[in-house]
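Let's take a walk through a protein structure together. Have the sequence and the 3D view open as you read.

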Amino acid sequence: MTDIDELFETLYRRHKATIYNFIHDLTGKPEEAEALMRDAFLRAYHELPRLRPDANAGLWLYSLAYRTCREAAGQLQLFAERLRPLPRPDSLGGAGGAPVDDTEAVRQALPRMPLDLRACLLLREREGLSYEELGDVLGLSWEGVKLRLLRAREFFTNTYRPPG
Amino acid sequence: MSHRRFAELVSLYCDSRLTGPQDALLTHHLAQCAQCKSRLTAYRETGRLLRHMPRPAPTPAAEGALFQALREGRGPRQTAGRAGHQWTVALVSVASLALVLLFGLALVQSPALPQETPAPGPFVRAPNLLPPTPVPITGRPQLYAVNNTDIGSITVVDAETYTVVKTVELAFRPWTLALSRPLKRLFVGGQSTSIAVVDTEANELVDSLPIGSPVGRLLVHPNGKVLYASHPSDGSISLVDLARRKASTVRVGGQPTALTATPDGRWLFAASSDGQVFQIEPSALRKHKAFTLRPGGLPAEERLTYDRPALAVAPDGRLVYAALLAYGEVWTINPDTGETQRFRVPAKGWPRNAAVSPDGRRLYLTYTSYDRLPVRSGFMTDEPPSGGLLVLDAATLQEISHNDTTPFFGLALRQDGQVLYLTNLFHQTLYALESQSQQLLGAVDVGERPADIAFKP
């Protein structure tokens, strides 16, 4: 209907850059990020009529993007991540050679993190979401957010290899 | 206290989420513990590194692919694993190609629908804006309702017996309609680059006007010679010279949808989703003015509040009404002076349509709202929308009555103002109400998602 289409366009124009960035950072693969962004927004379009009018649309789109990326990463892989103990970050090999700058170093470190930790860290540090907003997007309690963020920070700190 | 517990506190400290006693405890600990101090430095460095990463932008091709998928009615792919993801991409591409080929073939073979021609070029002359023409009334009164579904149609209803007399099939999803003057043609726009033209005697599709991009709302100039079409997707208004079948475009910006025009045809007004109302001078093919309506108590920008004003014009053309019912406000705009005035009215839901009675005394507004929602539980709701009809005194903008029984959407008035015709988008129904008492005169099932309606005397 025209209102939904109109509303969708407004949401898309307002949030496309942030959602694309989030997916790009989460996947680390520009070639997949655009397809996943399209899927997330298609999902948004189909779910839009049921969206609560008082819902925070930006958070809702983050949650759709996160769900879309999780599904793309594969449920089996996700369960495997949950069932087995986390690998020791220092046991993980580097992807490629030594990074030449901060950006490359971060791009090398992020994919080595489990997806749920990566998402939590990115949404907090890069997108600036509060604990309450993280809870909405990731489906966690305040305590859950606190612990996941701590784990994410620890993991990144141990995984990150500075340039040079 | 363990280092694990201090690590939690350090993480919270980074985000300024410690309570006073916790803050004091950690500050004291940090002064003594090199390990926690180094952890704090590392966490802060993590934030700095992530915030300073470049922010790449999606390519225009990504946007094109999304809107192409929407036009084709596709949903998100079922993505399971990376290999599946890539296979899905390939399959969707092949399926899309097949669909495009099939759809193209169907269009070529369809005798009912004229082939779409390319978008019209620029128009050198302004449309001929003569005074309004009287409308001769012939035949039985009829109502037209657009069925806003992927398989779009127009439902034609006998306005005396409230029975469906015909369904006119369309090849696109219709949103809006407008009757020509004289009332021989019905123009239908929507998710198509053409406007369908229906003969109102035979109730058959007889023509198609190329318009270039999807249409949000249609309006016929009071002289019957020009058809206005708003285009939310590209922020423009088309002015179609019906005799020459040529269109000119006025760029206004925003996402214009709702349209209304003063009876002398001098001014056209368009409302956009971002709360702007544009005043357009059709004879000069230019945007005259933009009004940004800033409601009091504006909620946070991120709140998803439908704020496109519903528009109506007084019969004497001296005032334009712009209703922002979610904020409980109606604004009036004086077309000649540009003066605006804000009135408080009962806060309702999303404004859908507006009309002023022929005597200029009443302003009718339809709205849908979700105000009966249970407590917040996630982002989604399965609660059916509520809504209704609000009647205001057009001079004072005080409430005369309201009817919150059902989410009314489309709104049309009989020419004498005695009967209101309303659609309910969610319940497949078209209602006729006596406009003063709001007594139900008739109701008819008009098929799925009836949205915009028109009354032909």
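Is C14(B) buried, partly exposed or exposed? C14(B) has a relative accessibility of 23%, so it counts as partly exposed. Here, buried means under 20% relative accessible area, exposed over 50%, and partly exposed in between, using a 1.4 Å probe and protein chains only. C69(A) comes out at 3%, so that one counts as buried.

A quick word on the ground rules. This is a predicted model, where local features need pLDDT of at least 70 and side-chain atom pairs count only at pLDDT 80 or more, while totals for chains, interfaces and linings use all residues. Residues are numbered from 1 along each chain as its sequence is written, chains are lettered from A and ligands numbered from 1 in the order in which they are written, and side-chain values use heavy atoms, leaving out hydrogens and water.

If we ask for a pair of cysteine sulfur atoms within 2.5 Å, the count over all chains is zero.

Now hop over to S213(B), in the loop between β7 (204-210) and β8 (217-220) of chain B; strands are DSSP runs of E, at least two residues, numbered from the N terminus. S213(B) counts as buried because its relative accessibility is 10%. Its side chain makes a polar contact with the side chain of H231(B), at 3.1 Å; such a contact is a pair of N or O atoms within 3.5 Å, and within protein one must be able to donate a hydrogen and the other to accept it, while residues adjacent in sequence count only if both atoms are side-chain atoms.

Definitions and conventions. Helix = DSSP H or I, 4+ residues; strand = E, 2+ residues; numbered from the N terminus.
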